Amino acid sequence: MSLNTQQPGTAADPGTRPGTAAVPRARKNSFSALLNRTPRLRLAALLTAPAGWLILVYIAALAALLITALWTVDTFTGKVSTTWTFANVIQVLTDPVYQIITLRTIWIALSVTIIDAVIAVPIAFFIAKVATAHWQKILVIAVLMPLWASYLVKAYAWRNVLASGGLLEWMGAPLGVASPGYSETAVILTLAYIWLPYMILPIHAGFEKVPNSLLEASSDLGAKPLKTMRLVMLPILVPSIIAGTIFTFSLSLGDYITAQIVGGTTQMLGTVVYANVGAANNLPFASAVSLIPIVIIMVYLFVVRRTGALNNL
């Protein structure tokens, strides 16, 4: 007589051996199966959240900025009126005062970018190609350390350095070098210091991509270091340098705090926006002014993209 091991009230599993417990089968998730069968739907599900955030925070904010620039302020009540007009945009584009401020802002941003590029290339080269592996880590940390300090602390530190009788004037006195004081030059020097790490890090990453064998081959062919840098390394480093200039140029273009701390009477587009948002309470005109750096950086990115420098980033 054979014994039946099946428990009362349960169905026998034909795939289960007698005397063993039945293992429950995994339930299929219909949604997971659907995503597995349709790669496009899976990609859409992955991109929906970040794309929605980008549209909400960036594109919607730009649209609101553009719409606000087309409004006006009631001169009697001081409140924003939703009357549509291009008066603010026309004033910003045609008024000589704002044209000069725009040119000054572009000049400051370009000067900061050029200074940082000239300083960053040799520093990044030394870290990537000359220093040992141990010192590379230490030097990279040293480059990153200024980013840990507050923006205001660094700007006010330079205010003390550039002040009359400050550190710069004291060190330059034996050489007959005077401090520029609080001026446009002070703004350029301060911004060049603040944004320098944003130029060094991309160029350092670009140097690390250059194989040492390529430099050795150039040396074996008789090329001197400067010629190797100009003909071999710089063409490879163009995307990295462009990436650094995007940071320094755009950040300098929209800055206003440094101009207020060390700029004296120097006005930039950022200070005009700040003044109209705060004391003047003219948000539509501030929005119209803020469109200028946005358009400038978009034109800059378009020109850079047309040159193909961003293809290998």
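Residues are numbered from 1 along each chain as its sequence is written. In this predicted model local features need pLDDT of at least 70 and side-chain atom pairs count only at pLDDT 80 or more, whereas totals for chains, interfaces and linings use all residues.

The protein chain contains 13 helices and two strands, taken as DSSP runs numbered from the N terminus (helices H or I, at least four residues; strands E, at least two). Of its 313 residues, 30% are buried, where buried denotes under 20% relative accessible area, exposed over 50% and partly exposed in between (1.4 Å probe, protein chains only). Of the contacts between residues at least 6 apart in sequence, 67% join residues at least 24 apart, a contact being heavy atoms within 4.5 Å.

Helix α10 (residues 225-253) spans only 35 Å between its end C-alpha atoms, whereas a straight helix of 29 residues would span 42 Å at 1.5 Å a residue, the expected span being 1.5 Å times one less than the number of residues. A bend of about 60 degrees occurs in α10 at Leu-234, with Pro-235 following within four residues; the bend is the angle between axes fitted to the seven residues ending at a residue and the seven starting there.

Tyr-300, in helix α13 (residues 283-307), is partly exposed, with a relative accessible area of 23%. Leaving aside neighbours within four places in sequence, Tyr-300 is in contact with Thr-245, Ile-246 and Phe-249, and its C-alpha atom lies 8.5 Å from that of Ile-246, 54 residues apart in sequence. Gly-263, by contrast, occupies the loop between α11 (257-262) and α12 (269-277) and is buried, with a relative accessible area of 0%. With neighbours within four places again set aside, Gly-263 contacts Tyr-182, Ser-183, Val-187 and Thr-258; the C-alpha atoms of Gly-263 and Tyr-182 are separated by 5.0 Å, although the two are 81 residues apart along the chain.

A search of the whole structure finds one cavity of 30 Å³ or more, a cavity being a set of points on a 1 Å grid over the protein atoms alone where a 1.4 Å probe fits but cannot get out, with lining residues having an atom within 4 Å of a point. The lining of the largest cavity consists of Ile-127, Val-140, Val-143, Ile-200, Leu-201 and His-204. Two or more lining residues come from each of α5 (133-148) and α8 (184-209), and α8 gives the most, with three.

Terms used: Heavy atoms only, no water. 1 Å grid on protein atoms, 1.4 Å probe; cavity = no way out; pocket = protein on both sides within 12 Å on 5 of 7 lines; lining within 4 Å. Points joined across faces, edges and corners; volume = space filled by probe spheres on them.
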